[in-house]
Amino acid sequence: MTMLKDQAARAASVNLDDDGPIVRGAPVAEREPKTAPGQLMSLQGKYRDALEKIEQLQKGGVAMDLDLSRIIKVPGRQRPLTPDERAELKANLKKNPLAHPVTVLPETEAGFELLSGYNRVDIYEELDRKTIKAFVIDVEPEKVKVLAFYANLLAPSLPDFKKYQGLKERQEETGFTYEQLEEESGMSLSTISRLFQFDSLPAAVHQVLERNPFVLGATAAVGLARAAEAGRGDLVLEAVNKLVEAAGNKEIKFTEENAVAYANGSKPAAAKPPARPELVVKQGKRNFAKLSVRGDQVTIKFADPAALPDDWAERFKRFIEQEIGKDVG
């Protein structure tokens with residue numbers, strides 16, 4: 001095996017946009033789990049394993065100072081960050097040296113094709129930096145696109161809508177069935193099927209999610225897809241726009257569950273009023289009873305079971321009747 005092929009083999013599950021810190025964890029499970037939490041843990045394990053593999057691959061080379069103007073970006077390869085994640089990364093890069101160099105393919109006449117570090121390169125450009133530390137990694141050309149997609153697909157923070165877009169593009173390129181995508185990606189058939197529910201959402205919703213991919217997960221997309229197929233596409237669009245509005249304003253309470261109910265023409269269940277602080281009745285220094293109020297209910301709990309609750313209930317009844325009488329008078 002040539003050195004080039006050996007490097008390509010070791011890069012088989014490389015994470016190609018590792019804009020978070022490298023985290024080491026438990027080894028990847030040998031058998032794909034069937035439950036959703038188990039699948040998530042498995043994907044996270046593969047993601048950590050990929051980060052370790054790219055680190056091992058980079059150890060064979062020396063990071064170089066690469067002119068940003070020589071870097072070629074490939075559309076669709078960048079992992080989206082939430083506004084908070086991006087702000088945190090920018091603040092870190094502004095004050096500290098680059099902890100993990102970006103990775104690029106060997107130089108061509110056009111420049112160096114960027115594999116890993118799109119967000120870091122973007123932020124360096126915003127900070128008006130001229131160069132960035134980079135590793136050059138040899139990967140067989142026919143494997144680059146597949147590696148780029150599936151490495152990003154395993155990133156735990158990648159929003160479901162972006163996973164769907166990647167799987168959709170991969171399916172259109174290969175003509176793969178869901179079963180073939182399952183075999184290639186390692187994702188479960190049920191997960192792939194659920195992600196493809198985004199297919200049934202109106203084009204206008206896709207446009208909103210393109211700008212705001214984090215507001216809607218695949219589970220809620222299933223419910224919205226059913227509403228769209230039932231002819232309630234307008235309500236689906238309104239519901240997604242409400243999710244975007246709530247994401248930008250913490251005072252607005254509108255969840256994915258609310259969105260599905262709204263799109264199906266149902267009013268979401270009213271939120272329970274928050275519990276008020278308990279009122280404590282003292283007998284000397286000891287607690288005698290606690291009164292708690294929730295909505296239209298007042299609950300009294302006596303510290304001593306021998307306090308004769310039935311007798312107190314009669315006293316409260318007479319007290320309320322007296323108070324009502326005062327109001328009438």
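**Ground rules.** I'm working with a predicted model, where local features need pLDDT of at least 70, side-chain atom pairs count only at pLDDT 80 or more, and totals for chains, interfaces and linings use all residues. Residues are numbered from 1 along each chain as its sequence is written, and side-chain values use heavy atoms, with hydrogens and water left out.

**Whole chain.** I find 13 helices and eight strands; these are DSSP runs numbered from the N terminus, helices being H or I with at least four residues and strands E with at least two. Of the 329 residues, 37% are buried (buried is under 20% relative accessible area, exposed is over 50%, partly exposed is in between, with a 1.4 Å probe and protein chains only). Then contacts, meaning heavy atoms within 4.5 Å: among those with a separation of 6 or more, 68% link residues 24 or more positions apart.

I checked an open sheet of three strands, in the order 6-7-8 with antiparallel pairing. Two strands pair here if DSSP finds at least two bridges between them. Strand 6 (279-283) and strand 8 (297-302) are at the edges with a single partner strand each, so one side of each has no neighbour in the sheet. The twist averages 20° from one strand to the next, using axes fitted as lines to C-alpha atoms and angles from 0 to 180 degrees between N-to-C directions. I get five bridges between strand 6 and strand 7 (residues 286-294). Across that pair, Val-281 is opposite Ala-289 in strand 7.

**Greasy patch.** I looked up a nonpolar surface patch and found Phe-316, Phe-319, Ile-320 and Ile-324 making about 370 Å². Patch residues have over 30% relative accessible area and no salt bridge, with nonpolar side chains (Val, Leu, Ile, Met, Phe, Trp, Tyr) joined within 5 Å and like charges within 9 Å; a salt bridge is a side-chain nitrogen of Lys or Arg within 4 Å of a carboxyl oxygen of Asp or Glu. Ile-320 belongs to helix 13 (residues 309-328) and is partly exposed at 47% relative accessible area.

**Val-260.** I place Val-260 in helix 12 (residues 256-263), and at 21% relative accessibility it counts as partly exposed. Leaving out residues up to four places away in sequence, Val-260 touches Ala-220, Gly-223 and Leu-224. Gly-223 is 37 residues from Val-260 in sequence, yet their C-alpha atoms are 5.7 Å apart.

Definitions and conventions
Accessible areas come from the Shrake-Rupley method with a 1.4 Å probe; for residues, only the protein chains shown count as cover.
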